[in-house]
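Please consult the sequence and the structure shown below while reading.

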Amino acid sequence: MSRFQDIYDEAAELYKKDRRYDAAVTFEQARRIAKEYLMPAEAAEAGVWAAISWADAGNPIKAYSLLMEILSTAEDDLEPLDQWRAKKWASHISVYFFPELERMQQRLETLTQLQQEYSIFPIADVHELTGNLLEHQGQLQAALTEYELAWTTYDDLGYVKHEKANQAAWCNLRLGNLAAAQRWCDLLGETETESPSSRISWYTLQANLALYRGDYAKAEAHATTAEEKQEMVQRGAGGTFPIRVRTLLLQPDLGDPAYPRHPARFRLRQPFRGKPDVFEIYNRALLVADYRLACVRYCLGVPPVDDDWYQQPQQLPTHLPADFQLSDFQRRIQLARRAIRRALKRAVYLDGCFQCHWRQAEVQQRQTRLDEIVNATQSLLGGSPCSK
């Protein structure tokens, strides 16, 4: 028993430090020891925490498999709160890797009923999971209400508190409520300040707020800090990757984004850390489309623009640069169209899963901007075709 407890406590400390891979391995070790000493309750508990750690460490499929094994063979060995954790994490992972609206709604309803029957289960978890599902469906105002309830009903159990502020801020930002988003960012900044995850989310959010305001220098500074902190923990790249690439694309001094050594291009060529979920795959596809738009703009000599929040519309060319090459421009247009088609394919899939269409509209905005550039350039060429 002492040996198990020592290993389990070590794993718990690693988890708190966001060393999730090490925590997962150590929780697995504790689980094996508990099984060896015929301690089924302890083995099941360690297994749940191993699964949670694997999910955060970039191996969610392994986490899901472990949770399903525990729930099918050892659920009765779990304490009620650990049963709750296992079921809610299984539900959470399924949304990100096996999205099917009816099944997701059924699982959420099961969790809601469980919480109503056992008040020990944190109601804040239900609000947060409900908000997640609504947000994926594009119902931002309804999702925001759930995140606000998750924040106010938090009781030190369940999902971390800082993420509730983070999600509320993001909803407000996407709704255009900049002042409200800033207030939630301030709350995030004061919440769980010793947690590396909290600090990563805070700097990432600040970078996006700066990007929304058009303060590209501040966005770059916050994005750089978020990326540096991300490198210090054993977790998926999360929100730091897209914002860092976007801030790099907004710096003309870095040169042509199409150059192989451009830092934005370099990052985009790196493989995913861990197994990407369906949202990361879509977001990466959209980011590549925006990168290709940046390449097109650069060869026309027009300033870069943030295609994500798009608070400052793109400038169209009024003349062609002295070094303009039609063949190079045509190639960049071709690559941009290809990237937009790929992003649209991902958007159609996800919108179908959640029975909405907002992602397709998001991609179509990129197509519209590309068409504007092509039409303006074609006029400068005297009406000659400028794309193959």
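The axes of helix α2 (residues 20-36) and helix α3 (residues 40-56) come within 8 Å of each other and cross at roughly 160°. Axes are lines fitted to C-alpha atoms, for helices over the stretch in contact, and angles run from 0 to 180 degrees between N-to-C directions. Helix α2 is therefore roughly antiparallel to α3 (the term applies to angles over 145 degrees). This is a predicted model: local features need pLDDT of at least 70, side-chain atom pairs count only at pLDDT 80 or more, and totals for chains, interfaces and linings use all residues. Residues are numbered from 1 along each chain as its sequence is written, and side-chain values use heavy atoms, with hydrogens and water left out.

**Nonpolar cores**
- The largest nonpolar core has 76 residues; such a core is a set of buried Ala, Val, Leu, Ile, Met, Phe, Trp, Tyr and Cys residues joined through side-chain atoms within 4.5 Å.
- Buried means under 20% relative accessible area, calculated with a 1.4 Å probe on protein chains only.
- The residues with the most contacts inside this core include F27, I93 and F354.
- Apart from it lies another core, of 26 residues, among them L134 and C185.

**Residue A376**
- A376 lies in helix α17 (residues 358-380); helices are DSSP runs of H or I with at least four residues, numbered from the N terminus.
- A376 is buried, with a relative accessible area of 16%.
- Not counting residues up to four places away in sequence, A376 touches L316 and P317, where contact means heavy atoms within 4.5 Å.

How values were computed
Helix = DSSP H or I, 4+ residues; strand = E, 2+ residues; numbered from the N terminus. Parallel < 35°, antiparallel > 145°, perpendicular 65-115°, else oblique. Buried < 20%, exposed > 50% of the residue type's maximum accessible area, 1.4 Å probe, protein only.
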